[in-house]
Amino acid sequence: MKVTRIYTDTNGDSRFEDIEILLFDRGEIGRLSENIGVKSLQFRTVPPDYDYDFHHAPQRQYIVLLDGGVEIETSLGEVRQFQTGEVLLVEDTTGKGHRTKNLEKKERTSIFIHLA
């Protein structure tokens with residue numbers, strides 16, 4: 001399973017990295033990853049005109065996009081777009097951060113899964 005990681009490098013810049021979460025065949029119930037320890041979970045909606053200037057993540061967390069896409073720009077100017085159903089691992093809790101804005105002028109819903 002592909003996940004995009006956003007992290008801070010040694011110069012304090014945010015960067016993207018594509019990572020793969022390994023899934024293992026568990027027979028009739030499908031393919032599962034290993035367990036990942038989590039601390040809490042939040043649901044979130046943002047308004048249609050959401051455009052949040054440069055910031056860092058408040059904690060290490062997965063973000064699952066439930067509906068609506070998002071554009072994220074790193075501090076180095078790299079821009080990627082993510083669509084409904086994609087998963088992000090956000091770990092840039094220090095440094096220059098990233099910028100986030102809605103792709104469409106509609107309310108967007110996501111889940112934050114805070115890591116232990």
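A polar contact here is a pair of N or O atoms within 3.5 Å; inside protein, one atom must be able to donate a hydrogen and the other to accept it, and residues adjacent in sequence count only if both atoms are side-chain atoms. By that rule, the side chain of Glu 71 makes a polar contact with the side chain of Gln 81, at 3.1 Å. The model is predicted, so to speak of local features takes a pLDDT of at least 70 and side-chain atom pairs count only at pLDDT 80 or more, while totals for chains, interfaces and linings use all residues. Residues are numbered from 1 along each chain as its sequence is written, and side-chain values use heavy atoms, with hydrogens and water left out.

Starting with the overall picture, the protein has 0 helices and 12 strands. Both kinds of element are DSSP runs numbered from the N terminus, with helices being H or I over at least four residues and strands being E over at least two. Along the sequence the pattern reads β-β-β-β-β-β-β-β-β-β-β-β. For 116 residues, a compact globule would have a radius of gyration near 13 Å, and the 15 Å of the protein agrees with that; the radius is taken over C-alpha atoms, and the globule rule is 2.2 Å times the number of residues to the power 0.38. The C-alpha atoms fill a box of roughly 45 × 35 × 25 Å along the principal axes.

As for cover, 35% of the 116 residues are buried, where buried means under 20% relative accessible area, exposed over 50%, and partly exposed in between (1.4 Å probe, protein chains only). The accessible surface comes to about 6900 Å², and carbon and sulfur atoms hold 50% of it; these areas come from the Shrake-Rupley method with a 1.4 Å probe, and for residues only the protein chains shown count as cover. Of the contacts (heavy atoms within 4.5 Å) with a separation of 6 or more, 69% link residues 24 or more positions apart.

Now to the sheets. Two strands pair if DSSP finds at least two bridges between them. An open sheet of 4 strands runs in the order β6-β11-β8-β9, with antiparallel pairing. Its edges are β6 (51–55) and β9 (79–82); each has a single partner strand, so one side of each is left without a neighbour in the sheet. Neighbouring strands of this sheet are turned by 15 degrees against each other on average, direction ignored (axes are lines fitted to C-alpha atoms, for helices over the stretch in contact, and angles run from 0 to 180 degrees between N-to-C directions). Inside the sheet, β8 (residues 70–74) and β11 (residues 98–102) run antiparallel and share 5 bridges, with Val 70 opposite Asn 102.

Glu 71 also sits in β8, and it is buried at a relative accessible area of 18%. Leaving out residues up to four places away in sequence, Glu 71 touches several residues, including Val 79, Arg 80, Arg 99 and Leu 103.

Elsewhere, β12 (residues 108–115) joins β7 through 6 antiparallel bridges. Tyr 62 has Ile 113 as its bridge partner, and Val 64 stands opposite Ile 111. On β5 (residues 38–46), 8 bridges pair the strand with β12, again in the antiparallel sense, and Arg 44 meets Ser 110 there as bridge partner. β12 is mostly covered, with 7 of its 8 residues buried. Strand β7 (residues 61–67) is also joined to β10 (residues 87–90) by 4 antiparallel bridges, among them the one between Ile 63 and Leu 88.
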